[in-house]
Amino acid sequence: MEIDIKTKEKLSKFSHHLETTSVPGKILLGVLLLVIAWAFYALLVQIIDGHIVTGMRDNVVWGIYIVNFIFFIGISYAGALISGILHLMRVEWRKPIIRIAEIITVVSTIIGPVYILLCMGKLERLPHLLLYGRIQSPIIWDVIAITTYLTGSMIFLHIALIRDFALLRDTPLKVGKWRQPIYRFFAAGFQNTPKQNKILDRSTDVMAAIIIPLAIIVHSVLSWIFGMTLRPGWHSTIFAPYFVVAAVFSGTGALICVIWVFRKAYHLEEYITQKHFEYLGMILLVLGALYGYFTFSEYLTSWYGSAKWELEVLHKLFSFDEYGWAFVFAVYVGILLPIVVMGFKRLRTINNIAFASLIAVIALWVKRYLIIIPTLEVPLLPMQEIREEVIHYTATWVERVLTFGGIAFFILFFFLFSKFVPIISIFESKDKKYITVIKKEVHVKETEYEETIEK
Amino acid sequence: MKKQVISTVTLIGRVSILLFTVFFYTNNIVANTIKKEKTRLNLSYFYNADNTSTLEAKLTTKKDERTVSSPDMPILFYLGVDSGALIGKAITDKDGKASVTFGEELEMLRDTAGYLIFYVEFEGNDEYKSSSKDVAVKEARLEMSFFQRDSVKSILLKAWEVGTDGENIPLDKVDISFYVPRTYSLLEFSANELENGECIVAFPTDIPGNEKGELTIIAKIVDSDDYGTVSTKGIINWGTNLEVVHEAHRGLGDVDAPLWMVYTLIVLMSGVWGHYVYVLYSIYMIKREEKNID
């Protein structure tokens, strides 16, 4: 494949990230591997001793594993929104961040369902889902939806990477030879011909179009696991749009956090600019307001209905002796902070936006915790139980370590991806100087034409 | 003087001790007597349609002037008076009932009048007093047959008492009831009186049977003083046919999902995976284009 000089120059800016790992990078890798090793040890303890090592009991049957599952699937929406919608709208500013968004989608959709496996008591019954699964079950819908979503995300990521894989295939890099067959395979014979470009563009359009409704369906189906259950605090018709909006909100927040990290680590200030943070921040503001509206509607309806067990759940959430502080953080701080930061121009700095996004992401994790645990702590029938560990749920060290393990895996995947492919699309993003030169050339040419006509 | 005072005090002390002792023991005796509750046993005899016999005892006691059942108490069942042959032992259930069932292998002991004597006993415990009960019944048998005359369907029931020498003595002026078993209980459709050991009742042709139209008829002498409860049953396909429609149910709680759900899933999955197939085919086309260039 013929590669122009500009493209080669741009690749050279990223090639050292592919070829070498800095000392901080190695330290990060070491820390991540340590955390993951610790998580594997916790997993071993859980497998040997059983789920008694977790905080889950007969009353609160779901704990932070399910919270993590929903959280990771939630942040996967970044790829669907940013890549899909902005691609179809042909928004130029998406190009430097699109790859990061797509990687977030794939990685989090891989990690999220692992927590379901951790939550399952008997893994040997996993094939029963396929052998005896009934399609009336929302859990089966979830399995089908997430499998389809993961497949689609991977295909979408692949077709977005084809051009860069072709570039890496044809560019001599100081990397291990084992990479070449992989680059060649995933490049799928791309030679940058007009026909291939046309096919690729059309495929990208098709995938962008299908990934959006698919993501909406996935998060709706995820919400119906709760919404279809006749349990106060869960049985609500608003859950589907509520979860979708929360997913987009958390996905956008996660994307801002990740691009901030890569911008700092890889010095991508030239490509990821203030504008990217502002535009994503604006999306965060709108989604935060929408999410706040849904939250208000949800709790107002429950409170006004005054059903006995709904009020029990609300009492748990609003009482500062129980989950009140977490509720304040998740609902007020998590929603208002991004709105305030984006609402005032003076506050709209890259670091502030990134910080607000981080708080929003953490707040949404807490919100998912508040959706699951307090609701389960309110028994459907009066419970004659006095053991504290049954009445109230507390995550044990095993669950916490496995949570950190999932986060470490997430960071590790990203780290390894960035060592394998450029974190910003080489082909799609244009050099700002190059754009300026092109515009000047066009302007000069137009001027020459006008002068010629006058003459 | 002093001696008199001392002797008086001594006398008073001894009398006090005596009175106290008498009072204390009397109180204990009274307390012990009051502590144990009285119990009462009732005994019923059943001769079942499958030619087995059942003795059912019910143990009750009084609490707060109300009669309540006594569960978890051992009851002993005997054949004969005054602890004859032990037939069985059973523990009362939550309704205070205990029963034993025995077949014709048990050699029945009759008295001179031809009665079978059964005896039950509750031996008592720290809480309850013992009690016992006996019942004397004569052996009675029922035989059911069906016949149709001039398109009128009827049930013929014959009943007799088993005499001391084994002869059959027809039962007379004994009430008998006819039932069909329904889902939760027996439905009585006729009540009659035996005359010279026989009784004819009209067959209930408007009651549905099973899928084959078979109807079970049960005839019972209920709680007779002489015979206890005696029953027999017969099965005949004279009932109206019950149409059982075997159709596959599709619903949320069934094995098969509702059809609309199946179709929706197929359409959605086909739509989405169809796109994937198209894109994967496009990637294949890109690969093929490379070969064309080569």
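So, A:T349 is partly exposed, because its relative accessible area is 33%, and partly exposed here means between the buried cut-off, under 20%, and the exposed one, over 50%, with a 1.4 Å probe and protein chains only. A:T349 sits in the loop between α13 (324-343) and α14 (350-377) of chain A; helices are DSSP runs of H or I, at least four residues, numbered from the N terminus. A:T349 and A:Q274 are 75 residues apart in sequence, yet 7.5 Å apart in space, C-alpha to C-alpha.

Quick housekeeping: this is a predicted model, with local features needing pLDDT of at least 70 and side-chain atom pairs pLDDT 80 or more, while totals for chains, interfaces and linings use all residues. Residues count from 1 along each chain as its sequence is written, chains are lettered from A and ligands numbered from 1 in the order written, and side-chain values use heavy atoms, leaving out hydrogens and water.

Back to that loop: A:F344 is in there too, between α13 and α14. A:F344 counts as exposed because its relative accessibility is 51%.

Now, which element gives A:T349 its place? The loop between α13 and α14 of chain A, as I said.

And what lines the pockets, by class? For the largest pocket, the lining has 21 nonpolar, seven polar and one charged residues. Nonpolar takes in Ala, Val, Leu, Ile, Met, Phe, Trp, Tyr, Cys and Pro; charged is Asp, Glu, Lys and Arg; the others, Gly among them, are polar.

Key: Helices (H or I, at least four residues) and strands (E, at least two) are DSSP runs, numbered from the N terminus.
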